[in-house]
Amino acid sequence: TWAEGLLSLKVDDTEDSCLAGNFLCPACAAMHGRTIDIVWPMTWLWSRTGDQRYLDAAVDAVHWGKCNMQKADGSYINDPNHTWRGITVFSQTALGKALVNFSDILPEEVRDDWRALFDIQTEYIFNWMSEPGMEVNSNYRAAFPLAMELAYRLSGQERFRLSAAEQVKRVLSC
């Protein structure tokens, strides 16, 4: 029901490929920046049902995000007119969960595109969250260990696993 509701709000009837793929919010008639976060649930639904619309929605949302939310350093901004980049941890996690669970069945082009984006987002949040004086709301700190665990699983790089463990200690000490 949730996915069908989202699909009914999806913008597809435009020739501008950087506008297509997001969802028009019925409450404010805007396109919000966190659209990429649907990559995980839509890919999961596709894997379970075989319904191509779900994978297409995930692919389109990632494309929209790259066109409209991604900055040169790999970070994502919260909304088109907003400068906050902390939400990158959530898009990286959504991509990571899709890649960890479904890389073996994703079309090669999709898998490679998502992996490249995941890698650049991982480097951004690894560097950003590793700054000793970084002050952020607890939800970002709490999400960071999962992001690093996914990075470790996909890359095998020990620095990500160690960073996840360090951040867990930091979150639990609050």
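Let's start with one side chain. Glutamate 4 has a relative accessibility of 34%, so this residue counts as partly exposed. Keep in mind as you read that the model is a predicted one.

Glutamate 4 makes a salt bridge with arginine 53, and their closest N and O atoms are 2.7 Å apart. The pair links parts of the chain that are 49 residues apart in sequence, because glutamate 4 sits in helix α1 (residues 2-8) while arginine 53 belongs to helix α3 (residues 52-68). Arginine 53 is partly exposed as well, with 38% relative accessible area.

## Salt bridges across the structure

Searching the whole structure turns up 12 salt bridges. One of them joins the side chains of arginine 34 and aspartate 37, at 2.7 Å from N to O.

Another salt bridge pairs glutamate 158 with arginine 161, and here the closest N and O atoms are 2.2 Å apart. Both residues lie in helix α7 (residues 158-172), and their spacing of three residues puts about one helical turn between them. Glutamate 158 is partly exposed at 35% relative accessibility, and arginine 161 is partly exposed too, with a relative accessible area of 33%. There is also a network to look at: Glu4, Asp51 and Arg53 are joined into one by salt bridges that share partners.

## How α2 packs on α4

Now for a pair of helices. Helix α2 (residues 39-49) packs with helix α4 (residues 88-102) at an angle of about 25 degrees, and their axes are 7 Å apart. That angle makes α2 roughly parallel to α4, because angles under 35 degrees fall into that class.

Which residues meet where α2 and α4 come into contact? From α2 come Val39, Trp40, Thr43, Trp44, Ser47 and Arg48. On the α4 side, they meet Ala94, Leu95, Lys97, Ala98, Asn101 and Phe102. Sorted by class, this contact of α2 with α4 holds seven nonpolar, three polar and two charged residues.

Definitions and conventions: Residues are numbered from 1 along each chain as its sequence is written. This is a predicted model: local features need pLDDT of at least 70, side-chain atom pairs count only at pLDDT 80 or more; totals for chains, interfaces and linings use all residues. Side-chain values use heavy atoms; hydrogens and water are left out. Axes are lines fitted to C-alpha atoms, for helices over the stretch in contact, and angles run from 0 to 180 degrees between N-to-C directions. Helices (H or I, at least four residues) and strands (E, at least two) are DSSP runs, numbered from the N terminus. Angles under 35 degrees count as roughly parallel, over 145 as roughly antiparallel, 65 to 115 as roughly perpendicular and the rest as oblique. Contact means heavy atoms within 4.5 Å. Ala, Val, Leu, Ile, Met, Phe, Trp, Tyr, Cys and Pro count as nonpolar, Asp, Glu, Lys and Arg as charged, and the others, Gly among them, as polar. A salt bridge is a side-chain nitrogen of Lys or Arg within 4 Å of a carboxyl oxygen of Asp or Glu. Buried means under 20% relative accessible area, exposed over 50%, partly exposed in between (1.4 Å probe, protein chains only).
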